[in-house]
Amino acid sequence: MAIGDVSGAEDCPDIYYVDTGMYDVAEYGSVYIVDAERPALVDTGIGANYDRILAAMREVGVAPEELEVIALTHVHLDHAGGAGYLVEACPDATVHVHEIGAPHLADPTRLWAGTKEAVGDQVQYYAEPKPVPEERIVELTDGDVIDLGDHTLEAHHAPGHAPHQVIFHDPAIDGVFTADAAGLYTPSTDAVTVTSPPVNFDLDQALDDIETIRNLDPDRLLYAHFGPEPTGDRLDEYAEKLDAWVDAVREKRAQLDDDAVVDHFVETVDTPEVWGEHKAREEVALNVRGVLVMLDRAG
């Protein structure tokens, strides 16, 4: 699957996904189209590639004026950066987001500043987010349900990655849109990798979020990064990798200063080849920094 390609999610009727070409690489950013009675998007990408989402909608047969729901898993800009652009293009769509994240959609000033600080030179791939009009924002909390007619998106709070993160369970497909709560999956490696960015990553809560998904017992995980995959042992795989990752960073920090810890893992961690060297190195550095922030917070 190449950048811009649209595919149906296997064994998930009405569910399609597009490779948005996030960070100019394949197999990193997917946005889902739910071709339901009330058509919906799950997530919006970084904003710079929103035209690919509109093109994917047209390919599926959903016109911009037919889109009714934009369901955001959280407001990190790799998931929500396109929301302001898409509400301009889709006049009847409302944006559903956890109540903690809602103010950052209406006024993304602090979110944009924090993103630039966190992602460093990766900001070159982003578009500055546009505000979403308050009257088009619908706040969610744990247990809320977005009714799409023949599909529903049941929101479950999953704050281990970010306090404003939810996952969406769609019983019609026995699937969960995992946000970042189940890690990053790359089809070319058939493996999951960790995500632990600053400033809110929390290991214990992230492990609890995995249990939240496990308790829903879905047949399929629909990863934001990247694409749908049968659940199988993926949740076990991710929990083990997340524990091992934090232990490794903690151990190395006892030996080196923070910059050297980041450099060590950037040079030694294997990453999916499809991401290319620049994105892979930046991804590792971001995840190390997130663990270091968590360790500082814990004292």
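In this predicted model, the side chains of Asp180 and His161 are joined by a polar contact of 2.8 Å, and a further polar contact, of 3.2 Å, links the side chain of Asp180 to that of His79. Asp180 itself is placed in the loop that runs between β11 (175-177) and β12 (184-186). Because its relative accessibility is 4%, and buried means under 20%, Asp180 counts as buried.

When its neighbours within four places in sequence are left aside, Asp180 is in contact with His74, His79, His161, Gln165, Thr195, His225 and Tyr238. Val123, by contrast, lies 57 residues from Asp180 along the chain, and the C-alpha atoms of these two residues are separated by 19 Å.

From this residue the reader may turn to the open spaces of the model. The largest pocket holds about 730 Å³ of space, and among the 31 residues that line this pocket, those closest to its centre are His76, Gly114, Thr115, Ala118 and Pro198. Three helices, α2 (77-80), α5 (109-119) and α9 (276-298), each supply at least two residues of this lining, and it is α5 that provides the largest share, with seven residues. Sorted by class, the lining of the largest pocket is made up of 13 nonpolar, eleven polar and seven charged residues.

By class, the lining of the second largest pocket comprises eight nonpolar, four polar and four charged residues.

Along its own length, α9 has 23 residues and reaches 34 Å from its first C-alpha to its last, which is close to the 33 Å expected at 1.5 Å a residue. Just after α9 comes Gly299, which takes a positive phi of about 80°.

Conventions:
Residues are numbered from 1 along each chain as its sequence is written. This is a predicted model: local features need pLDDT of at least 70, side-chain atom pairs count only at pLDDT 80 or more; totals for chains, interfaces and linings use all residues. Side-chain values use heavy atoms; hydrogens and water are left out. On a 1 Å grid over the protein atoms alone, a cavity is a set of points where a 1.4 Å probe fits but cannot get out, and a pocket is an open set with protein on both sides within 12 Å along at least five of seven lines; lining residues have an atom within 4 Å of a point. Grid points are joined across faces, edges and corners, and a volume is the space filled by probe spheres set on the points. Helices (H or I, at least four residues) and strands (E, at least two) are DSSP runs, numbered from the N terminus. Ala, Val, Leu, Ile, Met, Phe, Trp, Tyr, Cys and Pro count as nonpolar, Asp, Glu, Lys and Arg as charged, and the others, Gly among them, as polar. Buried means under 20% relative accessible area, exposed over 50%, partly exposed in between (1.4 Å probe, protein chains only). Contact means heavy atoms within 4.5 Å. A polar contact is a pair of N or O atoms within 3.5 Å; within protein, one must be able to donate a hydrogen and the other to accept it, and residues adjacent in sequence count only if both atoms are side-chain atoms. The expected span of a helix is 1.5 Å times one less than its number of residues.
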